[in-house]
Amino acid sequence: MTDIDTPEGWVVWNEEPDGRVILAYRPDVFDSDAFPAACLPTLYLTKGRRESRRPGASPAPGADWYVTLYLEPDVDDGGTSYGTRDAAVSGALDIARSFANGEINYREMYQVPREDYFERLDELILSDGPS
């Protein structure tokens with residue numbers, strides 16, 4: 001199926017024949033009970049910017065690959081571009097590893113702070129982090 005070896009806590013949520021991939025962090029706890037399902041941290045690996053494409057539209061020929069970390073549908077890191085899919089996969093895994101190790105300051109991505117949620121997410125990440 002996939003050749004992507006995800007860091008601990010991350011899973012390949014979806015992989016399309018055109019190379020697009022979605023990685024998800026701890027979908028076992030973002031189930032609406034422990035953590036809100038809408039807050040499932042996801043990494044989208046797409047050819048062309050995800051938010052600028054209409055549904056069903058193909059990316060422009062020669063478009064870069066993008067990796068975007070989403071913390072909620074409207075909360076993301078702005079994305080990073082890569083010249084090749086292999087470089088984008090490597091970049092996505094670096095971001096996933098950094099997130100799982102608590103090295104990404106996700107609070108900066110929010111315009112409206114959610115301190116109670118941040119504390120719970122910190123606890124989850126730190127409990128899963130490297131020993």
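How many salt bridges does the structure hold? The structure holds six (a salt bridge is a side-chain nitrogen of Lys or Arg within 4 Å of a carboxyl oxygen of Asp or Glu). This is a predicted model, with local features needing pLDDT of at least 70 and side-chain atom pairs pLDDT 80 or more, while totals for chains, interfaces and linings use all residues. Numbering runs from 1 along each chain as its sequence is written, and side-chain values use heavy atoms, without hydrogens or water.

**Salt bridges**
- Glu15 pairs with Arg85, with the closest N and O atoms 3.4 Å apart.
- Glu15 lies in strand S1 (residues 10-15) and Arg85 in helix H1, so this bridge ties together parts 70 residues apart in sequence. Helices (H or I, at least four residues) and strands (E, at least two) are DSSP runs, numbered from the N terminus.
- Glu72 and Arg114 meet at 2.3 Å, N to O. Glu72 sits in strand S4 and Arg114 in the loop between H1 and H2, so the pair links parts 42 residues apart in sequence.
- Glu72 is buried, at 16% relative accessible area; Arg114 is partly exposed, at 29%. Buried means under 20% relative accessible area, exposed over 50%, partly exposed in between (1.4 Å probe, protein chains only).

**Nonpolar core**
- Trp10 and Phe30 touch the most other members of the largest nonpolar core, which has 35 residues. Such a core is a set of buried Ala, Val, Leu, Ile, Met, Phe, Trp, Tyr and Cys residues joined through side-chain atoms within 4.5 Å.
- H1 gives the most to this core, with eight residues.

**Thr42**
- Thr42 lies in strand S3 (residues 42-47) and is buried at 9% relative accessibility.
- Leaving aside neighbours within four places in sequence, its contacts (heavy atoms within 4.5 Å) include Trp10, Ile22 and Tyr70.
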